[in-house]
Amino acid sequence: MALLAVRRRGGEMFPAREIEDTYDRLGQLMNAALGEALGALPGDGGMGAWVPMADVSETEDSYVVEIDVPGARKDQIDVQLSERELIVTGQVEEQERQRRHRRMRRTGQFELRTTLPGDVDADRVEAHLSDGVLTITVPKAEAAKPKHIEVSA
């Protein structure tokens, strides 16, 4: 497993990648809040799209992105990769009910954008939808994989 890059400050260790991920997520939350302030409520089909919950993890060979999209079908999801930016868009349609007592799940347009931490091999990306979770596996480019270097005496 790859180690996170860290920066020292005052004797403490800070994981740079986790801070970068938090900054990206904060930007998404600010965009969502701005959309709500302008009248677009998440899931109402207004001018803003909601951001699904997601995890981005890393193995030795690839980046794995798991996105919660309950109720979405594979034909309602579009996955694009532009250099290191992964863009997942789609729509979850609301199911008709006779009487609704509470609405807690989001419906309508969604969009997730995330920048992967290293170079990727865009030709070998795989996406799989199962049980409401979209799993995208993005292989690392050969240059981004860790190299083992023999130590000689």
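Ring contacts and an open sheet

Biologist: Which residue lies over the face of Tyr-63?
Modeller: This is a predicted model. A charge counts as over a ring if NZ of Lys or CZ of Arg is within 6 Å of the ring centre and within 35 degrees of the ring normal. At 5.3 Å from the ring centre of Tyr-63, the residue over the face is Lys-140.

Biologist: Is the aromatic pair of Trp-50 and Phe-110 stacked, edge-to-face or tilted?
Modeller: The structure holds 1 aromatic pair, with 5.4 Å centre to centre between Trp-50 and Phe-110. Planes under 30 degrees apart would be stacked and over 60 edge-to-face. The angle here is 50°, so the pair is tilted.

Biologist: How many residues apart in sequence are the parts that this pair ties together?
Modeller: Trp-50 sits in the loop between α1 (16-37) and β3 (54-58). Phe-110 belongs to strand β7 (residues 108-115), so the parts tied together are apart in sequence by 60 residues.

Biologist: Is Trp-50 buried or exposed, and what of Phe-110?
Modeller: Buried means under 20% relative accessible area. Trp-50 has 7% and Phe-110 has 1%. Trp-50 is therefore buried, and Phe-110 also counts as buried.

Biologist: Which strands stand at the edges of the open sheet of 4 strands?
Modeller: The order is β3-β4-β9-β8, with antiparallel pairing. An edge strand here has a single partner, so one side is left without a neighbour in the sheet. The edge strands are β3 and β8 (126-130).

Biologist: What is the bridge partner of Ser-57 in β4?
Modeller: β3 pairs with strand β4 (residues 62-68) in the antiparallel sense, over 5 bridges. In β4, the partner of Ser-57 is Val-64.

Notes. Residues numbered from 1 in each chain as written. Predicted model: local features only at pLDDT ≥ 70, side-chain atom pairs only at ≥ 80, totals over all residues. Heavy atoms only, no water. Phe/Tyr/Trp six-rings, centres within 6.5 Å; stacked < 30°, edge-to-face > 60°. Helix = DSSP H or I, 4+ residues; strand = E, 2+ residues; numbered from the N terminus. Buried < 20%, exposed > 50% of the residue type's maximum accessible area, 1.4 Å probe, protein only. Pairing = 2+ DSSP bridges.
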